[in-house]
Amino acid sequence: MASLLEVHDLSVAYGGVKAVTGASFYVAAGELVCLIGANGAGKSSLLKALTGMVHVSHGTTKFQGKAITHLASHDIVARGIALVPEGRGVFSRMTVEENLAMGAYTRQDQAEIAADLAQIFELFPRLFERRRQAAGTLSGGEQQMLAIGRALMSRPKLLLLDEPSMGLAPLMVQKIFETLRAVSKKGVTIFLVEQNAKLALEISHRGYVMESGKIILTDTSAALAINPEVRRAYLGE
Amino acid sequence: MDTFLQQLINGLVLGSVYALVALGYTMVYGILELINFAHGEVTMIGAMVALTVIGALVGAHVDLPGIVIVLAGVLAAIPACMLLGFTIERVAYRPLRNAPRLAPLITAIGVSILLQNLAMIIWGRQYISFPPILPRTTYHLGGATISVLQIFILVLSLVIMAALVALVQKTKLGRAMRATAQAPQVAGLMGVNINSIISLTFIIGSALAAVAGVMVSAYYGVAHYYMGFLLGLKAFTAAVLGGIGNLAGAMLGGLLLGVIESMGAGYIGDITGGFMGSNYQDVFAFFVLILVLVLRPSGLLGERVGERA
């Protein structure tokens with residue numbers, strides 16, 4: 001199967017300190033792949049490198065067979081990659097509707113944008129109720145829904161998520177993960193970065209494990225979930 | 001009562017010009033958190049370019065109504081200032097985007113001095129007078145008078161401000177500008193080209209400055225290579241008064257500052273028993289600046305200082 005995203009030997013450094021060292025992985029079309037690892041393992045830096053938010057010091061990133069390694073964020077996004085950033089990153093002084101409209105910034109097809117907006121509201125009725133409210137007034141969980149909805153508004157070929165469970169109540173985390181599973185079933189390819197290894201392995205097809213900036217392990221999620229090493233380090237056994 | 005009404009009219013006219021210039025400061029600050037101290041000089045260049053064109057047309061004895069000649073000057077000044085604003089950002093500020101904040105601030109002051117000196121070389125040190133080609137009609141309003149030029153300045157400023165608000169609040173482009181101001185990196189993730197938005201912000205601000213520059217020189221009847229300095233400082237004061245980074249704040253601050261200054265100039269003689277005259281007008285703007293900085297540093301409509309979402 002042809003890979004949608006192919007990352008080869010990627011390194012990221014902040015002023016000499018290496019955050020990611022020689023990471024190689026791929027995500028095939030239609031897959032839901034997760035990357036698990038402890039806080040500070042370099043997961044967020046990896047996502048930022050993929051989306052042009054930090055400089056890639058070494059290695060290559062290919063999307064649909066074409067190099068995107070050193071492109072600016074807006075060029076990468078235009079090719080069909082959307083990121084739900086860490087901490088959600090909603091535009092707090094803009095309304096829910098305006099935030100969603102920003103998600104469709106690169107699109108011109110007004111009729112289909114409206115149809116997608118209706119779908120997002122169907123997926124998250126809470127957002128519909130609060131569509132004229134400033135995003136900053138939403139609860140953490142609602143902001144996460146908004147961030148996911150906003151990313152989907154770009155009709156991404158690949159959806160990247162950075163710690164969507166962070167800071168949310170367990171019930172809300174459940175809801176967010178169910179939504180991700182539903183989005184994946186609709187055919188959107190997902191690469192999920194998550195500290196909550198249990199849930200991430202539950203909903204994903206394959207997984208990668210990151211430690212101190214390096215990818216140390218990869219397997220199907222079912223296999224990772226019973227791997228003794230993973231169980232000890234990330235599943236609290 | 002007559003003095004009050006007259007000074008109110010004068011203040012609103014002057015204030016609407018301050019507001020146009022203040023918008024340029026506040027838009028750039030909103031996106032880059034940079035105080036573009038060269039912005040006053042952009043206003044001055046606008047006045048100079050317009051006066052050059054107007055002077056040439058008048059000198060050539062072109063048979064056109066005065067208002068058309070002035071309009072030609074404005075239409076020359078706007079693209080000239082847009083190009084200048086774009087160039088300043090591209091050459092002086094963009095390379096310092098990730099530098100400590102003091103670096104672009106000092107650079108801004110440098111650009112300001114550079115432009116003053118360039119203007120002095122090109123247009124000389126002398127005052128350049130605005131040819132008396134505009135209609136001089138005045139209307140009586142209560143006990144006060146208002147000139148056609150004053151009405152024109154006030155109305156045009158308000159129209160431009162309304163257009164700017166509509167652009168920022170109602171259009172896709174405006175939404176991208178607001179998103180960039182709130183969270184530039186996330187705006188990039190939405191597909192917004194941040195650099196284009198920043199360039200555009202400078203271009204729009206400079207166009208407003210061009211119009212303001214022509215207005216000021218027409219109103220006072222003169223232009224001078226140093227005129228941008230004081231005008232820029234006052235517009236900056238207006239932006240701080242309204243809450244820097246806030247569009248409505250810049251408009252409110254501009255109008256308010258114009259009225260305060262004008263009232264101050266109108267009554268200072270009475271208050272001090274003739275000891276101080278209206279030549280102390282400029283004192284009020286900076287008195288206001290000090291008061292705001294001490295009592296309410298975030299300005300009238302500003303909500304955040306130092307920290308951003």
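## Salt bridges, an interface and a nonpolar core

R126(A) is partly exposed, with a relative accessible area of 38%. What you are looking at is a predicted model, where local features need pLDDT of at least 70 and side-chain atom pairs count only at pLDDT 80 or more, while totals for chains, interfaces and linings use all residues. Residues are numbered from 1 along each chain as its sequence is written, chains are lettered from A and ligands numbered from 1 in the order in which they are written, and side-chain values use heavy atoms, with hydrogens and water left out.

Let's stay with R126(A) for a moment. Its salt-bridge partner is E142(A), with the closest N and O atoms 2.7 Å apart; a salt bridge here is a side-chain nitrogen of Lys or Arg within 4 Å of a carboxyl oxygen of Asp or Glu. This pair joins distant parts of the chain: E142(A) belongs to helix α6 (residues 140-152) of chain A and R126(A) to helix α5 (residues 125-129) of chain A, 16 residues apart. Helices named here are DSSP runs (H or I, at least four residues), and strands are runs of E of at least two, numbered from the N terminus. In contrast to partly exposed R126(A), E142(A) is buried, at a relative accessible area of 3%.

Over all chains, the whole structure holds 16 salt bridges. Another of them is formed by the side chains of E202(A) and K198(A), at 3.3 Å from N to O. Both residues sit in helix α8 (residues 197-203) of chain A, 4 residues apart, which is about one turn of the helix. An α-helix has 3.6 residues a turn, so residues three or four places apart point the same way. Here E202(A) is partly exposed, with a relative accessible area of 45%, and K198(A) counts as exposed at 56% relative accessibility.

Over in chain B, E261(B) forms a salt bridge with K234(B), and the closest N and O atoms are 3.3 Å apart. The pair links distant parts of the chain, from E261(B) in helix α10 (residues 247-271) of chain B to K234(B) in helix α9 (residues 227-242) of chain B, 27 residues apart. Both E261(B) and K234(B) are buried. Back in chain A, a network of salt bridges links R107(A), D109(A), E112(A), D116(A) and R155(A).

Now let's turn to where the chains meet. Chain B brings 20 residues to the contact and chain A brings 22 residues, contact being heavy atoms within 4.5 Å. About 2000 Å² is buried between the two chains, with carbon and sulfur atoms giving 62%; buried area is the accessible area (1.4 Å probe) that two parts lose on being put together, summed over both. On the side of chain B, Q182(B), L189(B) and M190(B) lose the most area to chain A, together 35% of what that side buries. The interface has 1 salt bridge, in which the side chains of R178(B) and E98(A) meet at 2.8 Å, N to O. The elements giving two or more residues to the side of chain B that touches chain A are α6 (172-182) and α7 (184-189) of chain B. The largest share, 6 residues, comes from α6(B).

Finally, look inside. A nonpolar core is a set of buried Ala, Val, Leu, Ile, Met, Phe, Trp, Tyr and Cys residues joined through side-chain atoms within 4.5 Å. The largest one has 123 residues, and F25(A), F91(A), L158(A), F191(A) and V192(B) touch the most other members. Helix α8 (residues 194-220) of chain B gives the most to this core, with 14 residues. Setting aside neighbours within four places in sequence, F191(A) has contacts including F25(A), V33(A), L47(A) and L158(A). A second, separate core of 44 residues includes L100(A), A135(A), A151(A) and V188(A).

Definitions and conventions:
Buried < 20%, exposed > 50% of the residue type's maximum accessible area, 1.4 Å probe, protein only.
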